[in-house]
Amino acid sequence: MADNGKQDHEVLAAVTGFLDSFSDKPTPLTETRNFVLPSTYAVDWRAHAGELIQTTQNEWLAEMERRLDRMRDAGLSSFVQALAATTDDLPPPRVWIDAEQGIAAVWAGFVMRSNGEEKYRGVGAFTLYRSSKEEEEEGGGGGGAGWKIAAYVDARWDPEYFRPQPTDEKQATDELLAAARAFTDLVNSGTEGSEDAALGSVLPNCITHRLDDKNGLQSALLEDLLREENILTEGTGRRIRKVEVLDGEGRVVAGVGFLWMHYTVVTASGETGAGQTTARGTATLTFLQRNEKWLVSGMQEAERLPL
């Protein structure tokens, strides 16, 4: 079995390498593309301005290049984004790894500096998949096999005007597990109107990724995935696929939530629609809070190990 400390270091190194790759670097950001799976997604939540940007990693990088070029034309000489020392509003890095499933995550505080002056603080939630050489070639990625960023969500704020306090970890876990279970219960029920109700708990254009042995890495809008899987076993009124949330660990700051979660999959078959547990998985879910309700902004799953 691989050493956990070594794996933590490898995952955290992928995140720090990603941030270093566009800090004080010229455009185009060729090196940055070596740390990401290009078709996967990024969400930028600017808490101080109430602005939300949802995009793919490729689109996010293209916009980052344009932004850096504009800032340099306006006199910017230095731009750095790096993981930060722990403060009252910035948490220490937390790493989760499921090596068997090939998925990992990092929740960490960061600081952005322009011309040596701190401009923003923030927290980033990174989900990573361990890619093979073959997956890299098929996905158009670079930099070889290893841990690659598949989802990146950050919340940032100007510390001069706004200093959010992270929510207690137990409270964050309880809130986000409850939101995840409420969402999956609606999806699982298969009753009239439940699908629309489930989509009411999801931000528009929410992207999901699933990694499994049969199909490799798949990306889709969560809305399309729910509609595709909301298939009833013929003549029984039972859903074919149901997900049961087992446990998890959550983090919350500045209206952004992150959940590392374990689940099982029950598949119905036969005339009776009887269910059988066919797989177990690990997922990360990101949430944004709207009107005191947690809305899913992204979901990454890994189901490589059937029971």
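Glu 63 and Arg 66 both belong to helix H2, three residues apart, about one turn of the helix. In this predicted model, where local features need pLDDT of at least 70, side-chain atom pairs count only at pLDDT 80 or more, and totals for chains, interfaces and linings use all residues, their side chains meet in a salt bridge (3.1 Å, N to O). Residues are numbered from 1 along each chain as its sequence is written, and side-chain values use heavy atoms, with hydrogens and water left out. A salt bridge is defined as a side-chain nitrogen of Lys or Arg within 4 Å of a carboxyl oxygen of Asp or Glu. An α-helix has 3.6 residues a turn, so residues three or four places apart point the same way. Glu 63 is partly exposed at a relative accessible area of 27%, and Arg 66 is likewise partly exposed at 45%; buried denotes under 20% relative accessible area, exposed over 50%, and partly exposed the range in between (1.4 Å probe, protein chains only).

Helix H2 comprises residues 57–73 and spans 24 Å from its first C-alpha to its last, close to the 24 Å expected at 1.5 Å a residue, the expected span being 1.5 Å times one less than the number of residues. Buried positions in H2 include Trp 60, Leu 61, Met 64 and Leu 68. Gly 75, which follows H2, has a positive phi near 110 degrees. Overall, the protein chain contains six helices and 15 strands, taken as DSSP runs numbered from the N terminus (helices H or I, at least four residues; strands E, at least two).

The salt bridges come to 11 in total. Glu 249 pairs with Arg 94 (2.9 Å, N to O); Glu 249 lies in strand E12 (residues 241–253) and Arg 94 in strand E4, so this pair ties together parts that are 155 residues apart in sequence. Arg 94 and Glu 249 also belong to a salt-bridge network with Glu 169 and Arg 251. In a further pair, the closest N and O atoms of Glu 301 and Arg 210 are 2.7 Å apart. Glu 301 is located in strand E15 and Arg 210 in strand E8, so parts 91 residues apart in sequence are tied together. Both Glu 301 and Arg 210 are buried.

E4 (residues 94–98) is joined to E5 by five bridges, with Trp 96 partnered by Ala 105. E5 (residues 103–114) is joined to E6 (residues 117–131) by 12 bridges, and 11 bridges join E6 to E7 (residues 146–157). Phe 126 is the partner of Val 106 and is also bridged to Tyr 152 in E7. In the two-residue turn of the E5–E6 hairpin, Asn 115 has a positive phi of about 50 degrees.

The largest nonpolar core has 28 residues, and those with the most contacts inside it are Trp 107, Tyr 129, Trp 157 and Phe 258. E7 gives the most to this core, with five residues. A second, separate core of 27 residues includes Val 11, Ala 42, Ala 104 and Phe 110. A nonpolar core is a set of buried Ala, Val, Leu, Ile, Met, Phe, Trp, Tyr and Cys residues joined through side-chain atoms within 4.5 Å.

Methods:
Pairing = 2+ DSSP bridges.
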